[in-house]
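Thanks for coming, everyone. Please have the sequence and the model open, and I will talk through a few features in turn.

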Amino acid sequence: VPTNVSRVGSNRSEDDKKGCTVMIACELVGSQIIVPFITMTGTCNGTLSRQFAKWEGCSKVTFHPKHWMDKNGCCLYLDWL
């Protein structure tokens, strides 16, 4: 069990409308996969969004009410690259 880690969003249920979108890119010349950009179901500036803003993981996690990659999400992705 990892230390100094708390579980966030632990409500477990099955819902076809909840999910995530994962953007995976690769670098053509070096043949490397770039770390993923993940859009999960949630409020853009909600509790989970604020908690993941401090996350030190290698991928970027953002939130959208329908986990879609919309115009704002695409701009965030391009800025993150």
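By class, the lining of the second largest pocket is made up of seven nonpolar, seven polar and two charged residues, where Ala, Val, Leu, Ile, Met, Phe, Trp, Tyr, Cys and Pro count as nonpolar, Asp, Glu, Lys and Arg as charged, and the others, Gly among them, as polar. This is a predicted model, in which local features need pLDDT of at least 70 and side-chain atom pairs count only at pLDDT 80 or more, while totals for chains, interfaces and linings use all residues. Residues are numbered from 1 along each chain as its sequence is written, and side-chain values use heavy atoms, with hydrogens and water left out.

Staying with that pocket, its volume is about 280 Å³, and of the 16 residues that line it, Cys44, Ser49, Thr62, Phe63 and Leu76 lie nearest its centre. The elements that give two or more residues to this lining are helix H1 (47-53), strand S3 (60-64) and helix H2 (71-80), and the largest share, five residues, comes from S3. A pocket here is an open set of points on a 1 Å grid over the protein atoms alone, where a 1.4 Å probe fits, with protein on both sides within 12 Å along at least five of seven lines, and lining residues have an atom within 4 Å of a point. Volume is the space filled by probe spheres set on the points, which are joined across faces, edges and corners.

Stepping back to the whole protein chain, it has two helices and three strands, which run β-β-α-β-α from the N terminus on; these are DSSP runs, helices being H or I with at least four residues and strands E with at least two. Of its 81 residues, 17% count as buried, meaning under 20% relative accessible area with a 1.4 Å probe and protein chains only, whereas exposed means over 50% and partly exposed lies in between.

Now to the loops. Ser31, in the loop between strand S1 (20-27) and S2, has a positive phi of about 50 degrees although it is not a glycine. Most residues other than glycine have a negative phi. Ser31 counts as exposed, at 67% relative accessibility.

Where is Asn45 found? Asn45 is in the loop between S2 and H1, and because its relative accessibility is 64%, Asn45 counts as exposed. Asn45 and His64 are 19 residues apart in sequence and 9.1 Å apart in space, C-alpha to C-alpha.
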